[in-house]
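Biologist: I would like to learn how to read a model like this one. Can we take it feature by feature?

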Amino acid sequence: MPPARRPRRRATAPQVAEDECLILGSDGLWDGVPYQEAVDIVLAWRKEHAGSVDGVAESLADLSISRNTQDNVTCVVVGITIDTTTSV
């Protein structure tokens with residue numbers, strides 16, 4: 001049996017101070033919700049929920065499903081907060 005392969009890992013930091021979120025979605029999500037609409041929904045959600053992204057991934061997935069996507073739907077939303085008062 002060949003040795004197990006280990007995945008390559010890569011960590012990066014946001015490059016733009018204005019980035020507020022990262023939306024990871026399967027093609028099923030994007031079949032039902034255009035990219036810009038998803039961003040607009042997440043940004044509005046964060047305004048309404050004191051910056052939290054809790055629950056917005058489920059909301060995006062439900063929206064895609066309600067639009068009859070024919071694929072499986074997976075969505076993860078990560079809120080990004082950058083502390084601009086410290087230097088690296």
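Biologist: Where is Asn72 found?

Modeller: Asn72 sits in the loop between helix 3 and strand 2. Helices (H or I, at least four residues) and strands (E, at least two) are runs assigned by DSSP, numbered from the N terminus. This is a predicted model: local features need pLDDT of at least 70, side-chain atom pairs count only at pLDDT 80 or more, and totals for chains, interfaces and linings use all residues.

Biologist: Which residues is Asn72 in contact with, leaving aside neighbours within four places in sequence?

Modeller: Contact means heavy atoms within 4.5 Å. With those neighbours set aside, Asn72 is in contact with Ser26, Asp27, Gly28 and Leu29. Take Ser26: it is 46 residues from Asn72 in sequence, yet 7.6 Å away in space, C-alpha to C-alpha.

Biologist: What share of the contacts in the protein chain joins residues at least 24 apart?

Modeller: The share is 67%, counted among contacts between residues at least 6 apart in sequence.

Biologist: How much of the protein chain is buried?

Modeller: Buried means under 20% relative accessible area, exposed means over 50%, and partly exposed lies in between (1.4 Å probe, protein chains only). Here, 24% of the 88 residues are buried. The accessible surface of the chain is about 7000 Å². Carbon and sulfur atoms hold 52% of that surface. The areas come from the Shrake-Rupley method with a 1.4 Å probe, and for residues only the protein chains shown count as cover.

Biologist: Which residues touch the most other members of the largest nonpolar core?

Modeller: A nonpolar core is a set of buried Ala, Val, Leu, Ile, Met, Phe, Trp, Tyr and Cys residues joined through side-chain atoms within 4.5 Å. The largest one has 13 residues, and Ile23, Leu29, Val42, Val56, Leu60, Cys75 and Val77 touch the most other members. At least two residues of this core come from each of strand 1 (21-25), helix 2 (35-48), helix 3 (56-66) and strand 2 (75-79).

Biologist: What does Ile23 touch beyond four places in sequence?

Modeller: Its partners are Leu29, Trp30, Ala38, Val39, Val42, Leu60, Cys75, Val76 and Val77.

Biologist: How do helix 2 and helix 3 cross?

Modeller: Two packed helices are described by the angle and the distance between their axes. Axes are lines fitted to C-alpha atoms, for helices over the stretch in contact; angles run from 0 to 180 degrees between N-to-C directions. The axes of helix 2 and helix 3 come within 10 Å and cross at roughly 145 degrees. Helix 2 gives Glu37, Ala38, Ile41, Val42 and Trp45 to the contact, and helix 3 gives Val56, Ser59, Leu60 and Leu63. These residues divide into seven nonpolar, one polar and one charged. The classes are simple: Ala, Val, Leu, Ile, Met, Phe, Trp, Tyr, Cys and Pro are nonpolar, Asp, Glu, Lys and Arg are charged, and the others, Gly among them, are polar.

Biologist: Is Glu37 buried or partly exposed?

Modeller: Glu37 is partly exposed, because its relative accessible area is 25%. Glu37 lies in helix 2. Beyond four places in sequence, it touches Leu63 and Arg67. Leu43 is also in helix 2. At 29% relative accessibility, Leu43 is partly exposed.

Biologist: Is Asp54 buried or exposed?

Modeller: Asp54 is exposed, at 62% relative accessibility. It lies in the loop between helix 2 and helix 3. Asp54 and Val77 are 23 residues apart in sequence and 8.4 Å apart in space, C-alpha to C-alpha.

Note on methods. Residues are numbered from 1 along each chain as its sequence is written. Side-chain values use heavy atoms; hydrogens and water are left out.
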